[in-house]
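The sequence and structure come first.

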Amino acid sequence: MRYYFAPMEGVTGAVYRRTHHEFFPGIDKYFMPFITPTTTGRFTPRQLRDIAPEYNVGVPAVPQLLTKTAADFIWAANALGDMGYAEVNLNLGCPSGTVTAKGKGAGFLGDPDALDRFFDAVFTAVRVPVSVKTRLGVHEPAEFDRLLDIYNRYPITELTIHPRVRQDFYKGTVREADFAAALPRCRMPVCYNGDVVTEADARAIAARYPGLPALMLGRGLIGDPSLVARLRGGPRADSDTLRTFHDTLYARYCDAFGDARIAMLRMKEIWFYHLNLFEDSEKHGKRLKKATDPRVYADAAASIFRDLTVREDIVPGWFRPA
């Protein structure tokens, strides 16, 4: 089984990817948070701070593009290939209203004919392998029959399926029965993504689909950074390891942003998930969340590692919306 780290905007940027890979090896691919290609044919300075090869040395990173315009995808994918990337991913899964209102992300799934034309243009001009991350459709999972017919006509190197429709956002349970029905029809390698947050979740998916080549994890890996290392037979991270990881990441954010307060805010986003790995973390977590001074934040974080017990696994179901 190959294990992938899902892209999470504002969390899994270059600094996080590099630090996680250093402390917790075993991830086969880190998918970058999506970038939207400009119409100028050039990446912006902000985009380059995440995708430039010098920021991803030694990390098996995969850039992800968000667009519905074939020409924009083509120039960006070829430029990324020229940078040395061996794969570029197309985001057809983002359910955000600001994205789908423009017909991008999961919104693109609502126009299969346009999607077909997009792939036809892309695969005549790209010089780098293209993978796709998709949902089952916009409104109903039955839409995936048509979408998969399109996917199967093109040399997509890998199809990551999140078994929800756009209208589901991240609510309710995944539509796993629809994933199971579609899997035998996929002509390309398939990666499963969706609500895999604990070691038990990952092992259950692997058992149900013994031929599945890849599994993508997101929130579970932020909360429990040693999750994949354990799935590969390694040890569970203890409090000392987690603290060293935290302190290293925080210091690198301070250097990258040049501002400890901005670094603190970025770390708080990670703690939203990470607190669930500690027993009885409510009181300590409140203190950390209320911190407005980086020194108070650093003390609150240190007290978590010093005073609390690390769980064997993240609390099942903690992240699932009603």
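## Serine 239

Leaving aside residues up to four places away in sequence, serine 239 touches Phe305 and Val310, where contact means heavy atoms within 4.5 Å. A polar atom of the serine 239 side chain lies 2.7 Å from the backbone oxygen of phenylalanine 305. Serine 239 belongs to helix H11 (residues 239–257); helices are DSSP runs of H or I with at least four residues, numbered from the N terminus. With a relative accessibility of 18%, serine 239 counts as buried (under 20% relative accessible area, 1.4 Å probe, protein chains only).

## Basis of the values

The model is predicted, with local features needing pLDDT of at least 70 and side-chain atom pairs counting only at pLDDT 80 or more, while totals for chains, interfaces and linings use all residues. Residues are numbered from 1 along each chain as its sequence is written, and side-chain values use heavy atoms, without hydrogens and water.

## H11 and H12

The axes of H11 and helix H12 (residues 260–274) come within 8 Å and cross at roughly 145 degrees; axes are lines fitted to C-alpha atoms over the stretch in contact, and angles run from 0 to 180 degrees between N-to-C directions. Residues in this contact include Leu242 and His246 of H11, and Trp271 and His274 of H12.

## H13 and H14

Helix H13 (residues 282–290) and helix H14 (residues 294–307) have axes that come within 8 Å and cross at roughly 160 degrees. The two are therefore roughly antiparallel to each other (angles over 145 degrees). H13 contributes His284, Arg287 and Leu288 to the contact, and H14 contributes residues including Tyr297 and Asp307.

Notes:
Buried < 20%, exposed > 50% of the residue type's maximum accessible area, 1.4 Å probe, protein only. Polar contact = N/O pair within 3.5 Å; in protein donor to acceptor, adjacent residues only side chain to side chain. Parallel < 35°, antiparallel > 145°, perpendicular 65-115°, else oblique.
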